[in-house]
Amino acid sequence: MSHASFPYAPFELRGDALRDAVVRYASNPIYLDNEEWENGDNPYRRQLRPQVLRYLDFDRLPGRDRILEYSSLAAQRVLTSVYEADLMFLPKNGLKDKWEDFQQFYSSTNRVLGETIRPALERFAFGFLDQEVEVSGKWSLESFNEYIESLNADASAPASLSEEAISSSSDRERAARMWLIQFAPDFLSEASPMLRNVLGHYGAPQSEWFKIIIDEYGYGVHDTKHSQLFERTMESVDLQSDVHRYWQYYLGSSLMMNNYFHYLGKNHELFFRYVGALYYTEATLVDFCRRAADLLTEVFDGRADVRYFTEHVHIDQHHGRMALDKLILPLIEAHGEAIIPEIVRGIEEYRVIQDITDKDFAAQIRWMDKGPEYKKLHTPVWEAISSGRVTAPLADIVEPYGELSNTHSHEGDELCHIVSGTMKFVSGFDSHQILHAGEGTVIERNRLHGAIIESDECVYQIHSVGDYTQCL
Amino acid sequence: MTVAGMPYVYARTAQGAFVMPARCPHRGGPLHLARIGPNGRQLVCPWHERGVSLSRLRQEVPAVRRGDLVTAVFAGAFDTGAEPQVEYRPLSPDLSIC
């Protein structure tokens, strides 16, 4: 028998190998650009824009100040696809002509390629939380209880920035629909990340965990399943409810919120962070859902089916208590106070992401509402460029009729200038400006947008001005 | 911040950040101005050059930082109704790394 040691080399993917692997994964035909704005009852189609991925650096860890840049949106889109290969999706109206996409999405090659790049993309997507949250000191059950009490998580809270943005929007129904679209990745497959911790064997808390999931899944009665309630909400305000129909309208932060729970659930070494994040989200959801139900009822003049939210107002009072009394405290008793810092970290990481998501959505609604103003800003910015007062990197682009630039964002402000033809510039769900020759628009950094050509041909220029206010 | 008569600061060292008392347990010297000793395991108080274990200081106050906001738990410290006092205290270079 040999006693020679075998050096252990952890798996790691970096540099060109990482970039090539990401592009290889995203080059699957189901991930290529779409010719339509929406995916039609096809849960396997997710536009990952592989043609751009080779230019992104996933080795660099963005700090919070750069977490809304396109690289992060791209990483969150890819991670959503990787995580959801573990979930079962079928089209509402049957597989029919989607059989090939179904096979591709669940194929071994798609799953293996995804798993290969997942750790590096998780590091890129969530590594900033290492800088944002730091737990220190020796925690005891007593100090943990005081900390939990100080959170006051189940107290009434004022309207969030997102809710204020909807209330004050120039098109409140559009803003509210955009809001519901952001929840769709989570709510249409609700509690799926939680199910990742159902398997295994870890004592009584495992059964408590399962009880929460039983509620989320409506006790086997399909019409009470929470995802089904959310489908009714979407349909009641003239949205469609098939999975990822509105993929192109998801903000990076919305995907980040949903992916965070997949990240915690997929990596079981982060179980105790998940327990903390679960407690905080369940405890705060009660008040959030109360406000959401009121807001949607008001905006849609009573037409919105808000049972999804009113059901949570009730059941999450129990879930918050269950997460604390039946999960967290027994886990601390069984495994010791050493797990407390991880639980605290989960709570605070969730709060960081919640804050990012809230601010990002509010900024997107402002961007959508101010579409006509950004169009008007073309005149002074174009004057600064055409007069030579400002010089900026330039891209000349010629596209044919129907060419759809799938949604994306840029790291700096840009000016889109139409030389000839007509472009429909899209800045969010049901939000657009028509741009003719000689017109254009300022594109604000980090704001989601796309475009489609509406003339036989469109010649246009993109001037990367960086900060458009310097051109005024 | 002063809690129950004891001043505390948030120290950021190369090995991590933590809440620690700003007063040396020896004679009450300004521990927030202490440098890390050559062995890297002690804070050396500027008054009498007495070493205080860093690992012990790290454990003393449970805390969590989210962004620029630090939440520290002083269990039972406010039972008497006394409010914490917030005041500025400079930190030595070793305690304000990042």
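In strand β8 of chain B, B:T71 stands opposite B:V64; helices (H or I, at least four residues) and strands (E, at least two) are DSSP runs, numbered from the N terminus. The model is a predicted one, in which local features need pLDDT of at least 70 and side-chain atom pairs count only at pLDDT 80 or more, while totals for chains, interfaces and linings use all residues. Residues are numbered from 1 along each chain as its sequence is written, and chains are lettered from A and ligands numbered from 1 in the order in which they are written.

The strands β7(B) and β8(B) run antiparallel and are joined by four bridges; two strands are taken to pair if DSSP finds at least two bridges between them. β7(B) is also joined by four bridges to strand β1 (residues 133-136) of chain A, again in antiparallel fashion. Here B:V64 is the bridge partner of A:V135.

Between the two chains, 17 residues of chain B are in contact with 17 residues of chain A, contact meaning that the C-beta atoms, placed from the backbone, lie within 7 Å. On the chain B side, the elements giving two or more residues are β3 (16-21), α1 (54-60) and β7 (63-66). The residues of that side divide into nine nonpolar, four polar and four charged; Ala, Val, Leu, Ile, Met, Phe, Trp, Tyr, Cys and Pro count as nonpolar, Asp, Glu, Lys and Arg as charged, and the others, Gly among them, as polar. The predictor gives the complex an ipTM of 0.89 and a pTM of 0.94. Chain B averages a pLDDT of 91, and 92% of the residues score at least 70, pLDDT being the predictor's confidence in each residue, from 0 to 100.

Chain A is divided into domain 1 (15-126), domain 2 (135-367) and domain 3 (372-471), with bounds that come from an automatic or database domain assignment. The centres of domain 1 and domain 2 of chain A, taken over C-alpha atoms, are separated by 23 Å. In chain A, 23 residues of domain 1 are in contact with 21 residues of domain 2. The largest share of the domain 1 side, seven residues, comes from α3(A). By class, this side has twelve nonpolar, five polar and six charged residues.

A further open sheet, of four strands, has the order β2-β9-β4-β7 in chain A, with antiparallel pairing. Because β2 (394-400) and β7 (440-443) of chain A stand at the edges, each with a single partner strand, one side of each is left without a neighbour in the sheet. The twist averages 20 degrees from one strand to the next. Seven bridges join β2(A) to strand β9 (residues 457-466) of chain A, and A:D396 has A:Q461 as its bridge partner in β9(A).

Notes: Axes are lines fitted to C-alpha atoms, for helices over the stretch in contact, and angles run from 0 to 180 degrees between N-to-C directions.
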